[in-house]
Amino acid sequence: MDILYLLIPLSAVLVLGILGVFAWALNGGQFDDLEQHGEQILDAAVDSFDKHQDA
Amino acid sequence: MHATLAGAISGAGHALSNDLQVLDDAIECARFTRWVPLAEGRRAAESSLRIGGMHCNGCAVIVEQALRRVDGVLDAHVSAVAECATVQWDAARTRPSAFVAAIERAGYAAVPDTAAGARALRRQESRDALWRLFVAVFCAMQVMMLATPSYLSTSTELAPDLKQLLDWGSWLLTLPVMLFAAAPFFTGAWRSLRGGHIGMDVPAALGMLVAFVASSGAAFDPGGVFGREVYFDSLAMFVSFLLGGRYLEMRARHSAALSLEDAIGRLPETALRENADGSLASVSVLRLQRGDVVRIPVGQAFCADGLLTQGRTRADESLLSGESAPVDKVAGDAVVAGSLNLGAPVTMRVERVGADTRFEAIVAMMRDARGRRPATLQGADRWAAPFLWAVLLLAGGAAAVWSVIDPSRAVWVAVSVLIVTCPCALSLAAPSALLASAVAMARNGVMLRRLEAIEGLARMRTLFLDKTGTLTEPQGRGVQMVRIDRGPRWTDAALRGTAASLAAWSTHPLAKALAKENASSGAAWCELAETPGQGMQGRAVDGTVWRLGRSPAQHAAAIDSDEVEAWLSCDGQPVACFRFNEVLRADAVAAVRALERDGVRIALLSGDTPARVERIGRLLGIADRCGGMAPQDKLVAVRAAQARGEIVAMLGDGINDAPVLAQADTSLAMGEGAQIARAQADGVLVSNALQDVVRARSLAKKTLRVVRQNFIWAAGYNAACVPLALVGWLPPWAAGLGMATSSLVVVLNSLRLAR
């Protein structure tokens with residue numbers, strides 16, 4: 001069980017690392033609008049999306 | 001007809017060519033532009049624009065490139081997701097009109113973004129809240145994991161140094177929760193203490209502080225004055241519960257602010273002003289002054305209060321006055337800012353602008369009423385101070401008594417008392433039940449913006465109802481046809497079709513209803529002409545002249561009659577008469593009856609004519625009915641009821657209801673109502689069904705019962721445990737476990753509502 005003495009501090013450091021990753025994603029605006037991309041496929045204007053791809 | 005149409009088109013063309021230059025106007029420009037300092041003491045203008053027509057990041061790049069090619073544009077950032085652009089430009093070298101034109105040339109639409117500042121602020125607030133919530137929840141999960149061994153093992157199984165390590169780990173992971181995530185509670189508590197009163201933040205902050213200090217002491221000096229038990233897990237969980245509630249509250253507040261911004265966009269931003277020499281100029285509405293003569297195209301809102309000087313038209317004032325039929329306006333009549341010009345292009349002389357207009361007055365009245373909403377619902381804060389003093393006295397008294405009996409136990413007995421009374425379960429008792437109930441209501445078609453509305457719904461004594469659009473269908477007026485001639489020349493269906501195809505050419509709301517309810521025969525018409533306020537006329541292919549409109553006998557606008565009629569005549573001979581009835585919503589009668597059985601007094605407040613209000617009131621059996629009320633009259637009626645000590649709810653849909661919605665203790669708006677009414681209401685009936693109010697009320701009553709149970713449980717738990725802690729029979733670890741269990745019981749009890 002001696003490995004616990006390594007693993008517990010390691011997990012604490014890992015948590016702080018994950019918090020950092022979340023902060024990066026948050027400040028990059030990834031959580032600003034969670035609905036918009038899901039609703040996009042229901043949007044009537046989207047068929048022009050395909051035209052755009054052809055061009 | 002031709003002349004007016006040509007006038008409208010030439011007017012519109014003029015507006016287009018001039019529109020962009022309005023953006024260069026200093027006042028207009030300041031609405032969407034800020035100054036930012038650059039290096040070497042120079043400064044640049046930074047404008048926010050909303051871009052329309054973008055679908056992906058590729059489009060954003062195209063717009064950015066188009067902007068950067070404009071001489072004088074220093075920098076440009078376009079976001080496809082937010083549909084907005086930020087442009088930095090040199091005021092000496094370019095103008096907003098130049099780069100807006102560049103965007104339009106690139107194939108996208110751009111409008112100045114006047115709400116950019118408020119939106120940026122909201123985004124910052126929302127990111128901040130999410131960040132705190134994530135830190136608290138994520139750390140709480142980890143701390144709980146580290147705390148599990150000491151819950152599951154006996155003291156002999158867990159080696160002391162391993163327990164020490166786990167405690168240190170918990171302390172490290174609680175540090176971000178205390179220092180960062182819980183900061184709003186500490187600043188809130190500090191603010192209210194400095195202000196000389198005690199809010200609910202104070203007991204919560206005190207509980208957190210005591211738990212943290214005691215646990216830190218136990219973690220770093222096991223067996224010292226704070227004993228050897230740590231409560232980092234309870235602490236982190238408590239903070240994340242509270243932050244979760246605040247986050248949801250903030251989301252609701254932001255969506256309300258967003259719809260308010262949309263509503264204010266109802267006034268046009270530019271106006272077509274006639275100069276003294278007869279030329280036309282497109283100017284910002286902010287530049288309009290009293291006495292200016294302005295042209296208003298068809299379909300646009302009047303930009304200011306004023307008098308018509310030329311032309312005759314119909315104005316849709318329903319959103320302001322509640323009057324359901326459009327009002328005829330001739331030269332010399334007063335028009336109201338925010339109402340829509342439906343008939344023909346007209347000219348008006350501006351009498352009042354900006355903050356003096358009735359539209360702005362209603363918005364101001366609404367904000368004012370909101371600020372003065374009676375504080376019947378602040379129970380938590382009322383109890384915070386006595387609760388806190390009682391806890392402090394108990395803990396202090398226990399410490400004093402124990403320092404005499406056994407000084408070594410004095411500190412941890414005091415800590416036990418403080419932890420066992422930590423208002424965790426108490427502060428979760430109401431919010432968790434209200435939240436679960438709001439989820440259940442949303443599933444039943446009532447979206448709530450403020451959780452306190454549930455209490456108001458359950459307690460309301462009087463429900464004020466608006467008529468037009470709330471009790472009656474807003475557009476779907478029932479159309480009934482009465483044949484005047486009994487000849488076999490046309491079938492009923494043929495007449496309906498003829499009327500519908502003629503009506504389809506008109507913009508009159510009654511004609512629209514007629515065209516919508518009957519299938520058009522698709523007949524071809526020539527020599528079509530519409531006389532405002534009189535009707536529509538056209539020649540069919542077989543040469544007969546048909547007319548749809550007022551009957552000659554009805555010349556003297558019989559707008560006060562119960563029903564509105566339109567006559568169809570062929571070659572001057574009346575053929576059929578269409579009667580338009582205001583149609584009650586299908587469930588209106590049942591809902592009103594059910595609410596009255598439930599002990600709610602129903603009153604009808606309407607801006608519509610007294611005769612129509614009378615008719616609807618009789619149909620529904622509502623004795624208390626008032627017609628012809630302006631927004632301020634409605635406000636007076638509601639205030640009078642509140643002064644009598646009644647808890648008042650209001651259900652409405654129009655802009656004219658917005659001040660009353662803000663004043664009432666609880667307010668509901670119809671889902672298809674005006675934006676501003678929906679933004680102002682505590683809840684929205686998404687499916688426009690009045691029966692949802694009945695269901696929501698019974699759920700609200702059930703919610704209050706659950707809240708009461710929660711309070712009894714939490715208070716009972718505290719009452720039972722405090723004496724145990726006082727006599728020193730309750731070790732702190734049991735206090736921590738009890739605290740977590742009582743919170744869990746409260747949350748589970750609340751969740752029964754969401755089923």
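Predicted model: local features only at pLDDT ≥ 70, side-chain atom pairs only at ≥ 80, totals over all residues.
**Entry 1: one residue**

I started with B:Thr187, which is exposed because 12 other C-beta atoms lie within 10 Å. Residues are numbered from 1 along each chain as its sequence is written, and chains are lettered from A and ligands numbered from 1 in the order in which they are written.

I found B:Thr187 in helix α7 of chain B, residues 183-194. Helices here are DSSP runs of H or I with at least four residues, strands are runs of E with at least two, and both are numbered from the N terminus. I then checked B:Ala205, which is 18 residues from B:Thr187 in sequence and 9.1 Å from it in space, C-alpha to C-alpha.

**Entry 2: helix α8 of chain B**

What span should the 20 residues of α8(B) have? At 1.5 Å a residue, helix α8 (residues 201-220) should span 28 Å, and its end C-alpha atoms are 28 Å apart, so the two agree. The expected span is 1.5 Å times one less than the number of residues. I also looked at cover: 14 of the 20 residues of α8(B) are buried.

**Entry 3: α6 against α8**

I moved to helix α6 of chain B, residues 160-181, whose axis comes within 10 Å of the α8(B) axis and crosses it at roughly 155°. That angle makes α6(B) roughly antiparallel to α8(B). Axes are lines fitted to C-alpha atoms, for helices over the stretch in contact, and angles run from 0 to 180 degrees between N-to-C directions. Under 35 degrees counts as roughly parallel, over 145 as roughly antiparallel, 65 to 115 as roughly perpendicular, and the rest as oblique.

Which residues of α6(B) and α8(B) make the contact? I listed B:Asp167, B:Trp168, B:Trp171, B:Thr174 and B:Met178 from α6(B), and B:Met208, B:Phe212, B:Ser216 and B:Ala219 from α8(B). Contact means C-beta atoms, placed from the backbone, within 7 Å. By class, this contact has six nonpolar, two polar and one charged residue. Ala, Val, Leu, Ile, Met, Phe, Trp, Tyr, Cys and Pro count as nonpolar, Asp, Glu, Lys and Arg as charged, and the others, Gly among them, as polar.

**Entry 4: chain A meets chain B**

I turned to α1(A), which packs on α6(B) at about 5°, with the axes 10 Å apart. That makes α1(A) roughly parallel to α6(B). From α1(A), the contact uses A:Leu4, A:Tyr5, A:Ile8, A:Ala12 and A:Val15. From α6(B), it uses B:Leu162, B:Leu165, B:Leu166, B:Gly169, B:Leu172 and B:Leu173.

I logged three helices and zero strands for chain A. Of its 55 residues, 4% are buried. Chain B has 24 helices and 27 strands. Of its 755 residues, 44% count as buried.

Note on methods
Contact = placed C-beta atoms within 7 Å.
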